[in-house]
Every structure is written in structure tokens, then in C-alpha cells.
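Here are a few notes to read alongside the model. Have a look at the structure first, then work through the points below.

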Protein chains: 2
Amino acid sequence: MLKSFSGAQFYVNACRLSEPWRVFISGRIISVLLHPEVCISYEWYNWDRSYGHSINLSIDLEDKMKKSLGSKTLLYPTPVWVVGTYDKDGKPNAMTIAWGGICCSKPPCVAISLRKATYSYGNIMERKAFTVNIPSEEHAGHADYFGLVSGKNEDKFAVTGLTPIKSDMVDAPYVNEFPLILECRLIHTLEIGLHTQFVGEIIDVKADESILNEKGLPDIEKVKPIIFTPETRSYHKVGAYLGAAFSIGRNVQR
Amino acid sequence: MLKSFSGAQFYVNACRLSEPWRVFISGRIISVLLHPEVCISYEWYNWDRSYGHSINLSIDLEDKMKKSLGSKTLLYPTPVWVVGTYDKDGKPNAMTIAWGGICCSKPPCVAISLRKATYSYGNIMERKAFTVNIPSEEHAGHADYFGLVSGKNEDKFAVTGLTPIKSDMVDAPYVNEFPLILECRLIHTLEIGLHTQFVGEIIDVKADESILNEKGLPDIEKVKPIIFTPETRSYHKVGAYLGAAFSIGRNVQR
């Protein structure tokens, strides 16, 4: 079946003369709406730019269009963070989450989402505070465990042997063995659906000296945080350096 | 200087007899509050568990305690996502963000935070819709560019040559060249401070066939999303597989 697209700035005409497809482009090509796997040969015609301001691409694109996966939480990457809280009796708890992220620069705030059924939900409502603890690769098993069981039934710190330290800033414990910790005071709660979102102001960040760079900031290659993939449910490491932010895009500009 | 900690379940006694430190532990050790770099030799004394329920660790920990970095958005990993919107005249815009994350499973929702000063802020307020586009490593330069300039001043799609496609589900465009796309309808807005948080319900997810696994779900090693580090401002790739979520922690349990 032949499909055509329009909307961008230059004419693209394609016709199937033989294998492979031949795509003729008027003006400078902005992009080819073909899938990378499609082998195309093309010729350039440097026609007058004013000739057209839409793409008219006629080619069999049926197999190359994006596939609909439905209404799902398929967003990559998502983090692996451990939320530290105290219950009403002062028992420390740790729970692993992947639903969260920074939500404001000034004041520095982080949003985390928890189900009402969790033990940590009640703890945050009670204490109005939590910590966000970033586990290293080496603690992937512990982080996974913290997400498998409920603090209602188990003393997760006792089971793992990890050490809860009382924050000196907020009414919550942090995991001493994890290299990077955010101490947060609850400032907002939003009921969304299955999950409740808690917005915490980041009162202080604490880090092991061993993960800091020469400027005293965390080096992600030393922190070694864990990446989670929703639905496919895997953990990955952080990989190689790609480039400097607010920098590598300067070459893109005309 | 000697410091002591207490709080956990077993006695730990340490004294500096000579190099290295000698740490004597009564009962089963839950954790050693020492920095991994500290070389210790230790001996076990299987004394009566009832002997103590606190750690009493006397050792020079001054250099091994966590360092306070202040109130900062130092949370790793954070994502690199591109938000797609239309302005009131229908011009498509793309803006890179790192402040966001999934915030609910049912309904599937994503939260993104933008400053009021951005062009996209006005677009989302106007159209009540946005897309979240996940760039691959190969588009790191484009993603960086999308965060460097404002749609007020430049037609970012024209400059990059990337292709805006109108979503068939929401009133927003997506970036055709990026492999994974979330189409979102605005359901909530929260003013926090410098940033405004937008909660969008994920109406559909669209993906290139080429990044799907045998179960039809995105394979993160094919998506190749980008990781951002706040403050140190770097981009990193996703690295090696670490393990299966909701699985590797089972070994931790007693």
C-alpha cells in the first residue's frame, strides 16, 4: 500500500522503479521519513527552495511506521532509588521505587510516587519526611530486595544488614552503605490514581567522599547508579561517557 | 578523633592496637560502619546475642562520614527526554528536559517540569497536550541542541532536519527519528517554584519496530536512551545488563 506524508519543508518524491527505491528530493533534504533499515538510493535536484513547503512522500511506508504499544509506563531510562522512612514507632524502613524524578530547581525538589498500600506511604504521611538513597551497582540485590517485600512484614535493614542512619536534617533515616543520599521534607502530596505523588524539598545532599570528583561533585562513574526498565523489568549499569551537556548540541546549529 | 555510633543490633568494638585496625564483633555482624577503603582485620566472638542490642563502634571515622553537599538537585540517574508541543499557530517545538519521571501506573502518567520562561510552557498551557520523545545516543547532539535554544527564536525542527509528526492521539507533535514516544494529555499542573510540574496521562506509546524485543516491548539496549547528570552536566550511555528486577533480591532474603 502506498502512503504519503506532508508537513515539512521540502518536496521529496519517491517512486519504485526497481529495487532499491529511488527517492528524488527537491531542495536540500531535511530528513528522509524512511526507516533506517530501508535501503534507498537517491538523487539530488537543487531546485528553487520556494518550490514547495511540504513533504510529499509516496512510498510504501506501511512496515516502517511507528507501532502503537498502548497506554503504558514505557519510559526509559527510569531510576532505581530507595526511599528511607521511619514508621510511627521509629522503625526505619527502605523501599525501592522507579517512579520519580527531580521536579524543581529552586527550591530543589524531588517527586516520588508510591502506592497507598505500601508501608512507606503511611510513614511519609506520618513523618512528613523521607530520604532518597541511590544504590550502587554492587547493591543491586539489596535494592531489588527492598522492592520485593513490605516493611509491614519484615525489618528490611536487619535482613540486609545495611545500616539506617538518622538524618540530621529531616525526620527520616538514610542507608549508610549507599553513596549518595537526598534528605527531603514533604511539601506537597498529589493523589493521581494507583499512585500518590510526594514532592519533597531537598534540604541536603550527602555523599561518600569516594564518589566525588575534583570539584567536590558526584562522579556518576563512581556512584554507579542503577537503571530500571519498566515492563521488561531489567536492571542496567550506567555506560560510557557520551559528551558534555549544553555543549555538544552547538555544532547542530546553523 | 574517636567517634562512636549506636543503633543497630550487635556490639562492635574496635581499638587501634597497631596497623591495621582490629575490630572485634560480638554476635553476628550486621554491617561495618567503615568506609570500604579502610583496611581492617577482624575477629569473631560468638557471644550471647542477648549481650547487646546496640553498636558501640569506637574508631576514627572522621574521614569516612558522608559529606554534606548542600541543597542541590544531585540525583542520579536523570533522563534526557525531548518534549514535543505545538504553539498557538501550530508551529511544532521540541525542548529537552531532565526533570521528570513516571508518576503513576494506573492511569499511566508521566510528570515533567518546565520553567515558565520556556516556549513549551505556553504551548502546553494552550494545547493541554505534549509528547515525551526518547532520543537515542546517535541523537545526543540534537537532544542537546533542543535544550540550548528557545522555540521563541528558532524553528528547531527546521534547524536539525528532524521531522515533526502530528500525534493521532493528542494535540502535539512527536520527533519521528526518535525510537520511543509517549503521547500525553495534560491532567494536572503544579506550581512548585522556578519550575511548573505538568502531569500527563500517557494515552499511547509509539515505538520503532527496530527497538522492540521478541515480546513486542522496547529493548533498552536498542533504544539506547541517554543519561544526564545534574551539576556535572554530562551525558552517558546505558551500560551492561545487571540482572532481572523483582528477582535478584530474592537471594538477599533469609
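This is a predicted model: local features need pLDDT of at least 70, side-chain atom pairs count only at pLDDT 80 or more; totals for chains, interfaces and linings use all residues.

1. Pro173(A) counts as buried because its relative accessible area is 1%, and the cut-off for buried is under 20%.

2. Where does Pro173(A) sit in chain A? Look for strand β14, which covers residues 173–175 of chain A.

3. Now for the surroundings of Pro173(A). Leaving out residues up to four places away in sequence, Pro173(A) touches Gly84(A), Thr85(A), Tyr86(A), Pro92(A), Thr131(A), Pro164(A), Ile165(A), Lys166(A) and Ser167(A). Lys91(A) is 82 residues away from Pro173(A) along the chain, yet 9.4 Å separates their C-alpha atoms.

4. Next, the nonpolar core. The largest one has 110 residues, and those touching the most other members are Ile112(A), Phe130(A), Ile112(B) and Phe130(B). As background, nonpolar side chains tend to be buried together in soluble globular proteins.

5. Take Ile112(B) from that group. Beyond residues up to four places away in sequence, its contacts include Val83(B), Ile97(B), Trp99(B), Ile124(B), Phe130(B) and Val132(B). Gly100(B), Thr196(B), Gln197(B) and Phe198(B) are also touched by Ile112(B).

6. How are the two chains related? Chain A superposes on chain B through a rotation of 180° with 0.0 Å of shift along the axis, at an RMSD of 0.0 Å. The two copies are therefore related as by a two-fold rotation axis. The same surface serves both copies, with 99% of the contact residues of chain A recurring in chain B.

7. To find the axis from chain A, go to Gly239(A): among the residues of that chain, its C-alpha comes closest to the rotation axis, at 1.8 Å.

Definitions and conventions
Residues are numbered from 1 along each chain as its sequence is written. Chains are lettered from A and ligands numbered from 1 in the order in which they are written. Side-chain values use heavy atoms; hydrogens and water are left out. A nonpolar core is a set of buried Ala, Val, Leu, Ile, Met, Phe, Trp, Tyr and Cys residues joined through side-chain atoms within 4.5 Å. Buried means under 20% relative accessible area, exposed over 50%, partly exposed in between (1.4 Å probe, protein chains only). Contact means heavy atoms within 4.5 Å. Helices (H or I, at least four residues) and strands (E, at least two) are DSSP runs, numbered from the N terminus. Copies are superposed by least squares on the C-alpha atoms of residues with pLDDT of at least 70 in both.
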